[in-house]
Amino acid sequence: MYVAVKGGEKAIKNAHTLFAAKRRGNENVPGLRLDQITEQLSFAVDRVMGEGSLYDPELAAMAIRQAQGDLIEAIFLIRAYRTTLPRFGYAEPIETGKMAIERRISATFKDLPGGQVLGPTFDYSHRLINFDFDAEAAPETPPSSDEDIDLNAEVPRVSDILGKSGMIEPDHQFDEGHETGDLTRTPIDFPTDRDVRLQNLARGDEGFLLALGYSTQRGYARSHPFAGEIRFGEVEVEFFAEELGFAVPIGTMEVTECQMINQFKGSAKAPPAFTRGYGLVFGQAERKAMSMALVDRSLRWKELGEEFSAPAQDQEFVLSHSDNIQATGFVEHLKLPHYVDFQAELDLIRTMRKEFDAQQNENGDEPKMEAAQ
Amino acid sequence: MTAPSSPDNKAENAEVITRQRVMRVLAQAPDQQLEYLYEKFADKPDWTFARKPETGLVMTRGRIGGGGAPFNLGEITVTRAAIQLESGEVGHAYCQGRNQRKAAIAAFFDAAWLSEAHKQSVEANIIAPLEQEQLTAKKDKLKKAAATKVDFFTMVRGDG
């Protein structure tokens with residue numbers, strides 16, 4: 001508990017002014033433009049959109065600039081901004097099968113239909129700092145394939161390919177009448193369904209999910225994962241407008257999808273089949289999509305009849321601590337004045353020490369004086 | 001997906017698909033280009049707002065596993081507007097982003113496309129060229145991605 005403290009207005013104002021000057025830094029250096037951030041720091045923009053849970057690259061860039069590159073602070077700004085806008089409604093679910101694919105890889109099938117498209121990626125690079133990097137230089141023009149491009153082509157997901165033979169569990173469906181949960185409208189009630197879990201993970205902190213996903217690989221809720229498929233590209237977003245009576249294509253967004261394939265589940269009635277974890281994130285965010293898929297899978301332990309043994313399986317633990325804005329709010333609130341609280345603790349500890357000293361005196365020990373009374 | 005799916009109403013479906021195409025092209029057009037096209041558009045009919053531009057959020061959805069039950073993925077900013085021409089046609093716009101001027105112009109072109117007097121001009125000077133640009137840009141991106149397609153080969157290690 002903390003109490004409001006008065007005073008310090010001038011100090012706060014001056015601190016803000018000082019901070020604004022720090023944000024700008026050396027004025028001989030050109031100020032950052034938003035398009036420099038959206039064009040050249042796209043991974044930061046994607047992370048802020050994903051964990052801010054709001055797709056708007058320019059807005060994310062504004063937040064990153066204002067937050068001086070502190071991405072959690074930028075996410076905080078985005079989350080605060082979204083509360084100022086009305087909600088028009090829910091979009092139609094995106095069709096990742098119709099994605100305009102920029103990158104698509106599979107670690108399980110080398111010859112998957114539609115091919116492996118490496119696309120733009122850090123993978124296969126040496127991770128050496130380029131000391132000769134020239135930020136102004138025009139890059140080499142990327143080569144274009146001369147193959148015919150069918151803009152309406154659908155690229156089947158690996159899970160669909162395996163699904164045809166029944167070797168992998170089908171896409172998850174709920175019983176008739178299930179209403180899609182929305183944690184921005186109704187607080188999570190534990191235990192919760194997979195739709196709400198995925199919504200929570202999609203906006204969850206990348207570092208937290210990465211650590212949990214990693215823990216499952218190291219044996220805490222072992223689930224033997226393979227990256228069945230990771231794809232990144234553009235999908236269309238459609239919104240059903242009541243006044244028009246049809247779904248309006250409102251634009252496009254980039255997403256990363258991860259299909260994790262995990263070890264088997266079978267029963268007396270059904271033959272063994274691969275199980276799955278699913279990840280879907282705004283922008284190009286493969287590490288996050290993979291982590292999400294690993295954690296989605298580990299949270300399904302009960303449904304799949306597995307043993308409960310690890311933190312990554314505990315939905316209350318995972319879902320209650322994945323949100324970095326809630327987390328930073330509670331951790332950082334410790335910086336607020338707790339003077340009255342602490343005064344009470346001080347009084348308590350003085351009383352306890354007095355009792356301790358009295359006890360010692362009774363036993364005939366030397367009395368110990370408190371240093372700073 | 002989208003169109004009302006009563007099987008006995010193919011004509012209405014076709015109409016919806018045509019309108020979706022127009023609204024898609026306008027929504028995906030770059031802000032400044034749409035502004036330029038509006039300034040250049042000859043003999044603009046008078047219009048009033050049927051619904052003033054408003055920025056809000058739409059919750060996007062994915063499907064569990066890619067094709068299963070829907071779940072909420074995260075929101076997207078959207079600006080909508082509706083414009084009525086003096087001849088009575090009402091055009092609508094729902095455009096990703098926060099640009100209210102863009103949504104108003106998109107609604108104007110949608111309305112003009114609905115009117116007999118302007119349909120041809122809007123189709124020829126606005127929609128068709130914008131659509132062509134968008135398709136070319138998309139194709140160009142996909143061709144560059146396709147140039148990174150790989151044929152992996154695996155090698156047997158050791159003596160087997």
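The model is predicted. Select chain B and hide the remainder. Its secondary structure consists of 4 helices and 4 strands, which follow the pattern α-α-β-β-β-α-α-β along the sequence. Of the 160 residues in chain B, 41% are buried. Among the contacts in chain B with a separation of 6 or more, 48% join residues 24 or more positions apart.

**The side of chain B that touches chain A**

Chain A contributes 70 residues and chain B contributes 55 residues. Which elements of chain B supply at least two residues each to the side that touches chain A? They are helix H1 (10-28), strand S1 (47-63), strand S2 (70-85), strand S3 (90-96), helix H4 (119-146) and strand S4 (149-150). Colour H4(B) separately, as H4(B) gives the most to this side, with 10 residues. Colouring by class shows 25 nonpolar, 19 polar and 11 charged residues on the side of chain B that touches chain A.

Next, select strand S4 (residues 116-117) of chain A together with S4(B). These two strands pair in the antiparallel sense over 2 bridges. Within this pairing, A:Gln116 stands opposite B:Val150 in S4(B).

**The domains of chain A**

Colour chain A by domain: domain 1 covers 9-82, domain 2 covers 96-120 + 152-170 + 187-324, and domain 3 covers 338-373. How far apart are the C-alpha centres of domain 2 and domain 3 of chain A? The separation of these centres is 56 Å.

**The largest nonpolar core**

Now display side chains for A:Ala60, A:Phe239, B:Ala106 and B:Ala107. Of the 100 residues in the largest nonpolar core, these four touch the most other members. Helix H3 (residues 100-114) of chain B gives the most to this core, with 10 residues. Why does the core lie between domain 1 and domain 2 of chain A? The core lies between them because both domains give residues to it.

**The surroundings of A:Ala60**

Finally, centre the view on A:Ala60. Its neighbours within four places in sequence being left aside, A:Ala60 is in contact with A:Val45, A:Val48, A:Met49, A:Gly52, A:Ala74 and A:Ile78.

Methods:
Residues numbered from 1 in each chain as written. Chains lettered and ligands numbered in written order. Predicted model: local features only at pLDDT ≥ 70, side-chain atom pairs only at ≥ 80, totals over all residues. Contact = placed C-beta atoms within 7 Å. Nonpolar A, V, L, I, M, F, W, Y, C, P; charged D, E, K, R; others polar. Pairing = 2+ DSSP bridges. Domains from an automatic or database assignment. Core = buried A, V, L, I, M, F, W, Y, C linked by C-beta atoms within 7 Å. Buried ≥ 20, exposed ≤ 12 C-beta atoms within 10 Å, placed from the backbone.
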